[in-house]
Every structure is written in structure tokens, then in C-alpha cells.
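Biologist: I am new to this structure and would like to learn how to read it. Could we go through it one feature at a time?

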Amino acid sequence: MRKIDVLRAIRTKRELALILGVKATFLTHVLYVVKPSSQYSSFTIPKKSGGTRTIFAPSDRLKSLQSSLSELLQDCIEEINKAKDVDGDFKPTLSHGFVRNRSIITNAMMHLHQKNVLNVDLKDFFDSFNFGRVRGFFIQNKNFLLDPHIATVLAQIACYDNKLPQGSPCSPVITNLITHPLDIRLASLAKANSCTYSRYADDITFSTREKTFPARIMAEVAGEYIPGKRLKNQIRRAGFGLNEKKTRIQYKDSRQDVTGLVVNQKPNVKNEYWRTVKSQCHSLFKNGMFTKKVNGILVDGSVFELEGQLNFIDQVDYYNRLRQKPPLNPEYALAKHGQNTRELLSGRERTFSRFLYYRLFYANQQPTILCEGKTDNVYLKSAISRLAAFYPKLAKPKTATGPYKLLVSFLNYTARTRFLLQLFGGASYLQSFISEFDDHFKFYKAPTPINPVIVVLDNDSGCGKICSLLIGKTPAQPYPTSLAKADVRKADFVHVMHNLYVVFTPLDTSGKDTAIEDRFTKETLSETLSGKKFNPKNDMNPATEYGKEFFAKKVVLAKKSSIDFSGFHVLLTRIAQCIEHYDSIK
């Protein structure tokens, strides 16, 4: 049954709580016990056009409830759109803000290669949605037609101080629902005047290939913009007003931008935006810090804010890479063809790669652990959680006065770490990481790293090339120091160079190969799932066996509180020894 049909049928708070995935007592407590004034914290952020915008950040509990409502409403929107999809190719293109599979990039794509681009802004957008408007929409809209009592509860979840607050996870999706009729009418107006229409939150864009912009939508007279009668009426009818200060027509021979992206040829960031980010990265790599101007005053910049800007630029670059012909395969496998994707990076991608390397491995705020795969991360995190009392360097146990806190970070492999950093787990990638570590390290002139980078490897045939590398081509030192270099597989840990360490799983008592799964007891390894047995190897039979991913999720995580992790003591001790050793030499 569709979620929107279930939502229509709901008559009680208990039923609403069920579809939101929360307890009825939790819903009641958040909405009716805790005072609304204590549910939000406010702060201001500067607007690009000047002035400030007030953000109301909900409490964690209220935010989780609003996030659940947002997900539910987005599911309903997809069901509504699917019902319209007669031919199977319907893709909503009118609203791009806070919509699944839509972004400022898809919004910008609507307006490429146009002769004239009009940007208009809806004035006081979020403030235009009061409690009564939100409640009334869910009661009256033909797609919802909710019980008035339930519509009231949804409005109570979403609204604060009689309006939709900026900062709530559900505010954007509700504004999209209520504004959809306006989108339909303005899209019709655009089509009638040979224009393309799109909206991103309060930013509306019309574009056309006509030589002059249609005056029935917007005319420019003596430097002033005069909105067409129908445009003005439709916006007023929807309960909004135009922000005249943000109205502008951009012509083909000038830079055209839509929601911050240049759209003359392809979606792209502004040159000055990139130059500023590049300059800040250069300062960071050289000095370990950078400054930025805020209201004309130089202040220290935030690495996290810089990372957000680089991520934004990379999203645009990645989108354009996927549009090139032939499109670049983002899943290059080093082990298969030896392709070093770093040789393919553009200048901006190379800067982002160096930033990620700096943040993760040079200026890492905690000891960084790299494993051979995501399941190894699950094993070690779970073991540290259970054995935290023994390893103060790795975690702070939960106490009566404080929560559990992990003191090390694990690298999560993604398609972008594979492409930008040549890292995706597996021995071949980690071998390349170790062999190139010195060259990358020397690029940075910032203060010496304060935390180690620790590579954790299975002590089996797959580590042969890495062992040869440690023995022959680096200043690697096995510990205890009495061991010869040729015996690195017997070492407690290996200090490779700088802040880089390698830890192998301990060989068994007879000196045979081991893997990280050998740290579990036979009882844990013999757990059956739906009648299937665990096989950690790649040649498992899916009919009778399950692999590492299911073992990590369905056994280790699901039964973490009861699993015997004592076999991990030796491995966690070795990781802690790396941290202690680096503390003694840095």
C-alpha cells in the first residue's frame, strides 16, 4: 500500500507515530511536553546580497522527528509523480531545491546555452508559510486530503513561531509541495513565451533563446525591471512578492549564472570563487592555516568550511565528467590495469586530492586507520567499543557522566577516494599508498603531523608485495627493533616513515597466515544465517554460504554486545603501540 494512502487513512497520533517510525510517547513528549522555545537555537548567517539570515536549528529530538516527516513527504511526492508517469519517463524538472536527485547543478542545466537568463527572487519566502497555510494545504490538497486533526499535528511538527523555520529538515519539502501550483502556472507562462522555467527554493529562473527577453514576463526599461502583468499576478496569487533588488536579466555576451553556477557553456563555478578557494588551499598546505575576509576583517578560516567549498566544486566537476563523451569511468580498478587515476585529474581535482590527503593523513585530528575493506572497519570499531576500557588511546568508555567516544578515525572508501586519492581498500591500493607516501608527504610545508596513519593488513599471501616494499624500498623499522627487516610479518608494528605505520594481524602459533576474521572465536565464525554458513573467501557458494558483508552486519553489529572480542586484544594493542611510538618521536 502506498504511503500517501496510509497517511490519508490515519486518524490518531499513535497511527501517525507508527508511519513516522517513532514511539507515540516520543511524539507526544516532543510536541506537547517540551516547551517550543527550548526546542530551537537561533543564529544568523550573512546573505550574499548583504544583511543576515536567521537560522532556527531544532533540538536533536525534534530534528529527528522533522527528518522522519521530510522522508515521508518525499516518499509521497515520488508516489504522486509515479502515478503521473504513464510512459515511464516522467522526470519532474520544475523544482530542484531539496528534491531527491535534484540539485543546483540540475537547476543550472535547465538554462545552458541561452541568449537571455532572468533571475527573480521570492521575497521573505519561508516567512510566507504560516501555520494555517501549512495545515490548510494538507487538508485541502487533492493529493493529501488529510484528517484535520492529523494535518494539525503535521503543522505542529513543522512550524515554529507561526511559520516554517529555516533550519528545519522538513521546511523545504513542505514549501515545494505548497509552491507546486505556482510552478505549474509559471512553467505554462514560460512555455507560452518560448522560455524555460525552473525554481530552486526562492530563486526563480526563466531563460530563452530569443534575441530579446519576452516583455510579457519581464521588461527592462531605462535600467529598471518591470514584471509582466501575468507574472506579477501569479506570484501575488500564490502569496508571495518579488524581491526587486534581486531581479536581473543576464545576456549572452555577459556571464550568466543560475543559483551560483555559470551557465553560458556548461555548469561551472565562478572564477573568483575558485581562485579564492585555491589560494586558501595553498596557504593551508604551506602554513597549516589560512585567513578569509568577514565584513572586511581578516579572520582564521575553517578547514571544514573549505572542505565544503571544495566538495561543492568537485560535485560540479564530477557532473561534467559524467557528461563528457565517452564518460569517464569513475571506478578504475588499480589491480586490474594499473591505471593511476591521479594522472587523469584536472587542476581543480588535483587541488582537492591534495586537500583530502592533507586533512586525512597529514593534519589528521585523530590517528587514522586504513583497513583493507569496509568490513574490517566494522570489526575494529566493534572491538574497540567493547574493549574500550583497556585502550584509553583508542576510545573513552561510556560512563555515568559522559558518552562513549571513539578517539581514532577510520577511512571510509568511496568512488571518489578511489578516483581522487587512488584508495579503495585492498592490498594493491594500499601498496600504492605506502610506496607514494613520502612523495605526497614532502609536498606539504605545514607544521609536522601530530597523529599517526596506521595501515592494518591481513598477514597472508596478499601482503607479499607490501612486505617486499617494507623490506627493500623504504626506511621501515620493525618493532621490536631486535627483529630483522626480513621478519616484518612477525613485527608488533612497522614504522614505515614520517607518521605512517603498518600493523599486520599476528601469525598463528605455527607461523601460518592469518586474516582479521581469525580474531573471532570459532563460535562467532560458525554463526548461521538462514541456514547458510560464513565463508570469508571470494569463492563462496551463495546457495549455502554468506560473505563478509553479511557477517559484519548481521553477526558482528547485530550481536556486538554478546560477542567475545578477546581475540582482538593483540591487534588493538599493536594499534595503540603505534600511537604511543609516534607520540614519543614527533
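Predicted model: local features only at pLDDT ≥ 70, side-chain atom pairs only at ≥ 80, totals over all residues.

Biologist: Which residues is Val494 in contact with, leaving aside its neighbours within four places in sequence?

Modeller: Val494 touches Leu470, Ala476, Gln477, Pro478, Val488, Leu500, Tyr501, Val502 and Phe504. Val494 itself belongs to strand β19, residues 493–497. Pro480 is 14 residues away along the chain, and its C-alpha atom is 8.9 Å from that of Val494.

Biologist: Does Val494 count as buried or exposed?

Modeller: Buried means under 20% relative accessible area. Val494 has 1%, so it counts as buried.

Biologist: How should I read the sheet around it? What is the order of its strands?

Modeller: In general, the strands of a sheet pair through backbone hydrogen bonds, and they can do so parallel or antiparallel. Here six strands make an open sheet in the order β16-β13-β17-β20-β19-β18, and the pairing is mixed. The edges are β16 (409–410) and β18 (477–479); each has a single partner strand, so one side of each has no neighbour in the sheet. Strand β19 runs antiparallel to β20 (residues 500–504), joined by three bridges, and His495 stands opposite Tyr501 in β20.

Biologist: Which strands does helix α18 lie across?

Modeller: Helix α18 (residues 464–472) lies across β17 (453–457), β19 and β20, at about 130° to β20. Another helix to look for is α21 (residues 569–585), which lies across β13 (368–370), β17, β18, β19 and β20 and runs at about 160° to β20.

Biologist: What is the order of strands in the open sheet of four?

Modeller: That order is β4-β5-β3-β8, with antiparallel pairing. At its edges are β4 (195–200) and β8 (248–251), each with a single partner strand, so one side of each lacks a neighbour in the sheet. Neighbouring strands in this sheet are turned by 20° against each other on average, direction ignored. Six bridges join β4 to β5 (residues 203–208), and Cys195 faces Thr208 in β5. Helix α8 lies across β4 and β5, running at about 165° to β4.

Biologist: Helices next, please. Which residues of α6 are buried?

Modeller: In α6 (residues 131–140), the buried residues are Val134, Gly136, Phe137 and Phe138. Their cover includes α4 (60–84), α7 (148–158) and α8 (171–192).

Biologist: Where does the charged end of Arg133 sit?

Modeller: The charged end of Arg133 sits over the ring of Phe240, 5.1 Å from its centre. Arg418 lies over the face of Phe424, at 3.7 Å from the ring centre.

Definitions and conventions:
Residues numbered from 1 in each chain as written. Heavy atoms only, no water. Buried < 20%, exposed > 50% of the residue type's maximum accessible area, 1.4 Å probe, protein only. Helix = DSSP H or I, 4+ residues; strand = E, 2+ residues; numbered from the N terminus. Contact = heavy atoms within 4.5 Å. Pairing = 2+ DSSP bridges. Axes fitted to C-alpha atoms, helices over the stretch in contact; angles between N-to-C directions. Lys NZ or Arg CZ within 6 Å of the ring centre and 35° of its normal.
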